[in-house]
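This briefing sets out the fold, the sheet pairing and the aromatic contacts of one protein. Please consult the sequence and the model shown here while reading.

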Amino acid sequence: MDFVPFHKIDSAQWDDFCLHSDDAWFRHTSFAMRFCLGLNSSNENLSFGVFEGSKLVAIAPLIKQPIAEGNNSFEFAMGGDPVPFPAFQNGLSNSQSAKLSKLIFEKIDELAKANNVIYSRFFIDPLSTGFLGDFQKISPFLKLGYNAISLTTNILDLSLPEKEMFKNIRDSYQYDIRSAIELDLAVDFFDKSNVSDEIFKTYKDIYFSAAGKEVGTPERWNVTRELIKQGQAVLALEKNKEGKFISGVIAFTYKNNAYYALGATIPDFKEINGISHLLQWEIIKYLKARNFNHYDLGRNVYPIISDEVYTPKELSISFFKSGFGGEIYPLIRGEKFYSADYLIKRRSNLSQKFIENIKINLCVTNF
């Protein structure tokens, strides 16, 4: 059994493996890794494949990125999210998968030691076919030396009738959607058939306006545009009655499932009643009409100490996304520390942040 670095594997072979493995979703693909590398020029791709002879039997996405606290130390993560759990060829028994997982994570430990990586986060992608088919799973991370930091996520079953999906939306959101329609807000969609550089720039301008500055590297935005042009993402732009685009969302699309990836609204228009609610509802209808199976609105976060202590803004966004119905799925995650000093420092910082939130009464408890 050989461990082969990503740069020595043809990307077409890697992506073909992803396409056929029930463990893999978009975040396993070479495109996802390119997107993550574009987030920071210091990021490095340490992904590898596992071969038996000439046959690729497993892949392990692995992005090394600078850790927030600096000091020339790094973590294994993909932007602000964990790294997806390795994907295996279909047909392996549970014992074969467990043995292979052990070998892969031993290799990951070796790479951590060699690359000054002091912290690592992984998760099981809930949009992978194998997980969706049997999502009541036990975390594999504990046996691999990882702490449990699991959360939940909301995944909509798009096979449900449209009326039933609308009924499942939070009552106040149904009212907001109707209000936005009365204001003549509308949503246009752009995919590989009709996206243009001008339209993509419109979304970038909205995103920069929301952020208050230009963010992201040129490579990050080039890859994002390429994803839409290659059919692995869709752009939804919302316009007011004057025809001005004022809000937008990019959703990753892969294997007939979709994930809410990037959203932004021009600040001057954020107070319009129902602007974000209508945008999400139109995306749901769009995906359903094109026979997508599931739409993952993103993780639910809580006022607890996990791998992070979430801000009031993050809690509010999570509450918003949870209002569109769907089933609550486990988001199985794990973290590992390779440095005792960093463990102490990180846990101390999180505890202090949690206490400060309590003191100023910002812990939201309506989940």
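Which Phe and Tyr residues form one aromatic cluster? The cluster consists of Phe85, Phe88, Phe105, Phe122, Phe141 and Tyr146.

The model is predicted: local features need pLDDT of at least 70, side-chain atom pairs count only at pLDDT 80 or more, and totals for chains, interfaces and linings use all residues. Residues are numbered from 1 along each chain as its sequence is written, and side-chain values use heavy atoms, with hydrogens and water left out.

**Overall dimensions and composition**

- The secondary structure comprises 11 helices and 18 strands; helices (H or I, at least four residues) and strands (E, at least two) are DSSP runs, numbered from the N terminus.
- For 367 residues, a compact globule would have a radius of gyration near 21 Å, and the protein agrees with this at 21 Å. The radius is taken over C-alpha atoms, and the globule rule is 2.2 Å times the number of residues to the power 0.38.
- The C-alpha trace spans about 60 × 50 × 40 Å along its principal axes.
- Of the 367 residues, 51% count as buried; buried means under 20% relative accessible area, exposed over 50%, and partly exposed in between, with a 1.4 Å probe and protein chains only.
- Among contacts (heavy atoms within 4.5 Å) between residues at least 6 apart in sequence, 74% join residues at least 24 apart.

- Strand 3 (residues 48-52) and strand 4 (residues 55-60) are antiparallel and pair over 5 bridges. Phenylalanine 48 has alanine 60 of strand 4 as its bridge partner, and glycine 49 stands opposite isoleucine 59 in strand 4.
- These two strands, strand 3 and strand 4, form a hairpin with 2 residues between them, and glycine 53 in the turn has a positive phi of about 65°.
- Strand 4 is mostly covered, with 5 of its 6 residues buried.

**Strands 2, 5 and 6**

- Strand 2 and strand 5 run antiparallel and are joined by 2 bridges; glutamate 44 has lysine 64 of strand 5 as its bridge partner.
- Strand 5 also pairs with strand 6 (residues 74-76), antiparallel over 3 bridges, and lysine 64 has phenylalanine 76 as its bridge partner there.

**Covered helices**

- Helix 2 (residues 30-37) is mostly covered: 6 of its 8 residues are buried, namely Ser30, Phe31, Ala32, Met33, Phe35 and Cys36.
- Elements covering these buried residues of helix 2 include helix 1, strand 2 (44-45), strand 5 (63-66) and helix 8 (218-229).
- In helix 10 (residues 312-321), the residues Leu315, Ser318, Phe320 and Lys321 are buried; their cover includes strand 11 (151-157), helix 6 (171-182) and helix 9 (275-289).

**Aromatic and charge contacts**

- The whole structure contains 29 aromatic pairs. Rings of Phe, Tyr and Trp (its six-membered ring) pair if their centres lie within 6.5 Å; planes under 30 degrees apart count as stacked, over 60 as edge-to-face and the rest as tilted.
- The pair of phenylalanine 141 and tyrosine 146 is tilted because the ring planes lie at 50°, with the centres 5.9 Å apart. Phenylalanine 141 is buried with a relative accessible area of 0%, and tyrosine 146 is buried at 3%.
- The rings of phenylalanine 337 and tyrosine 342 have centres 6.0 Å apart and planes at 45°, so this pair is tilted. Phenylalanine 337 and tyrosine 342 are both buried.
- Lysine 64 places its charged end over the ring of phenylalanine 74, 4.3 Å from the ring centre. The charged end of arginine 170 sits over the ring of phenylalanine 319, 4.0 Å from its centre. A charge sits over a ring if NZ of Lys or CZ of Arg is within 6 Å of the ring centre and within 35 degrees of the ring normal.

Key:
Pairing = 2+ DSSP bridges.
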